[in-house]
Amino acid sequence: MSDVLQVDQPRRGGESASTATFVTAIVFNAAVFAVKSLKRIHPFPLHLPWPLAVFNADYKAIIAANGMDAYVRTHVDMNEGLDMFIFGNVARQAAALCSTHHPGYFFTAWIMSHFIIARQQHLIEPVHAKSVQANTILITGIPARYLNQAALMKLFQELPGGVKKIWINRNLKELPDIYDRRLAACAKLESAETALLKTGAKLRLASLKKGADPEAADAAMVVPADQRPQHRLGLPFISKKVDTIEWAREEIRLCTEILDGARAAMEIDGEGTRVADDAVDGADVEYPVLNSAFVTFNKQIAAHLGMQVLTHHEPYRMAGKFVEVSPEDVIWANLSLNPYEQRVRMVIGYAATAALIIFWSIPVAFVGIVSNIHTVCKQAVFLGWICDLPKPVVGIISGVLPPVLLAVLMMLLPIVLRLFARFEGIPKKTGLELALMNRFFVFQVIHGFLIVTISSGIVAALPGLINNPTGIPSILATKLPMGSTFFLTFVLLQGLSGTAGGFLQIVPLVIYYVKLFILGSTPRAVYGIKYGLGSVAWGTLFPGITLLVVIALGYSIISPIINGLACATFFAFYQLYKYLFLWTFHQPPTSDTGGLFFPKAIQHLFVGLYVQQVCLCGLFFLAQDQNGKPGAIPEGALMVVLILFTIFFHVIINNSYGPLIHALPLSLADRTYTATGGQIEAKNAADSDSGADVDADARSPVSTEKRRSHDDGGSSVEKHRHTHAHTHVHHGATTDGASAEDSEHAELTEKHVAAAAAIAEEEEAEYGFAHPAASRPQRTIWIPRDAMGAGEEEARACKEAGVKASVRGAEMNEKGRVDISSGPPDSVEM
């Protein structure tokens, strides 16, 4: 073996600090992992240690708990010491040993086949298939002649089962802003009412402490005018002060009056939006129609066929079609763009993304240079004092600080990238996340991998390049792989500190108590803090893991030790997200794409494969033997062949499975949902009795869907999830002694989530795809009940002012602390 693997002699005196850096990083991250793992997170079976409980949990239950997106997410998962194993230090004669086979080709084909089957089974699952989301498509870019109910009904009646309901979107002009104004005023009124009651409770408590009798203390509860909640309208310090309660009541009344008047103009009867006429251009109506509509079908397969069929004979007309649409997933502001404007916006958005990539390289390159601080110290004498610091400090600077800085930089990107995607006119929030996933992954690969690799390698190779320009190939082949130490510590940071922090959930725990004791001033705030379950942003979650895959593949040959670290990291992430999606997170069904993030993740894995093969090919061609001549040309040629085969396989996978990803095939039509004959006949009979024609059927977005939810006896997707899934618990980070309290809290959480599911189902049935500004009523003001009845008096005063208010399910104690016993009054009433 000594003749095969000849290793360079160890270099002394700070030539390479990769071992020290790596050891520092592993000790630091292992310590973090140990500290964070001292406390377990509930709830787990008491007879099992928590790691074993997570390991034994059935990952298939994730589908019932959080949907297909969460399910597929869990499946994506030292020259003296380390430097002796990197490619640059392996003897030139041994380069041929680095050739590798890729059984992953067959595994990729199998996993894609499994995904297609799982997605199709999820889409035709009875509970999901009955939902409005599963039977509705959104169509954009509709020509003017089709912007009426009768024309769209006639166009789509050829599809199986026909059309159940149509919503044509309108230009509501100022109404969305007025609706937001009313929501803001409702929140401000709730806060002010609670603050008023709290001030009264404190005055009464102070009076009692001074020895006053109860009657006098009750009188002290009357808050003086100067202590009532007030705020300024306009600029701070100089604008006029107003009584917040009186102002908010008047603001709500005024906004409600404007909204009601506009709804009357659009013939809104409290049950949703009805199109008032069949105007083609909308010029003669106050709120003209937009070039988009929602179409709900009687058969699920019709929605999928409607998405795939060529709808119009002109370019870009009715070309934007989206299936699996829910009202909560719609970006209403993006429903009015014409097809040509949307494509121009897309070009601008991608150009802005490319520019951001270019300019973002400056701070990321700096991170790569910091990771090789020892070489920087030698080249820049004025920075030599850094390397004179104690070795642990230098190890933290080069081994721990760069990954942390890189993580912070990457946290800033999604905000800008989401703005770019929204600017392009994407009409669905889930579509926004899908677009963000690709953009963020490109950033991660370029700035989190390629630039760091090149910058750290170039810095190390700079003296040799200057002193020996003719030896550039050999120098690059030796020095470029030296950036592997940074990525080893990066993988450690994610695998140890990252997963431990995920299990402990320390940040959500701290935020929970901060919000509860500082921000939990109103009943609605307390309800949201106590019973609101966490969720994830898929557009940023997937790229973080696929980047680790790219790094692991890229360095699997150059620095083989990363393979073991990557395997351990992916296993830890698998256990982490299995825990989170079974017991901690809650993804509403309306934000579930049915697993569409997974095919994109597979494309990202191919990027890692290409990076690995191109890097290895380049290193083979750069490698030289002991005589300074190219020593691995045949191996490099074989890598070129392998790259071509990978491209061929990639194309075959896309062509084979690409058409099956988004829509259901006709071969599954007999297993998809179909509205029962009785429901359709009852709907038609109701229309006939009311003298309705084909056009009028689509004007009422309530009737049939609401009847269907009761006639079928079916529950919503949300109810189904919480019937079959494990109990969800929000915060965790408690000790074993709190198991009884945990169980009680888990039971209450499950009840409140089920109540939220019920109200979501009722809203979906009642309002359908009508814009909230054109359909939703005023949110009931939630005021806490107190022992002296002041809360009831405030609620009566609100009602007299024309504002709906209630004290149901909320109480305030004598110290002014608010607590709740049920959900918001809106959900209780529903």
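A: Let's start with C255: its sulfur sits 8.7 Å from the closest cysteine sulfur, the one in C186, and that's too far for a bond, given that a disulfide here is a pair of cysteine sulfur atoms within 2.5 Å. C255 is also buried, at 0% relative accessible area (buried means under 20%, exposed over 50%, partly exposed in between, with a 1.4 Å probe and protein chains only). C798 is in no disulfide either; C186 again holds the nearest cysteine sulfur, 9.7 Å away. With 0% relative accessibility, C798 counts as buried.

Bear in mind that this is a predicted model, where local features need pLDDT of at least 70 and side-chain atom pairs count only at pLDDT 80 or more, while totals for chains, interfaces and linings use all residues. Numbering runs from 1 along each chain as its sequence is written, and side-chain values use heavy atoms, leaving out hydrogens and water.

So who is bonded? Searching the whole structure turns up one disulfide, and it joins C377 to C387, with S to S at 2.2 Å. The torsion about that S-S bond is about 95 degrees, so the disulfide is right-handed. C377 belongs to helix α13 (residues 373–379) and C387 to helix α14 (residues 384–387), so the bond ties together parts 10 residues apart in sequence. Helices here are DSSP runs of H or I, at least four residues, numbered from the N terminus.

Methods. Helix = DSSP H or I, 4+ residues; strand = E, 2+ residues; numbered from the N terminus.
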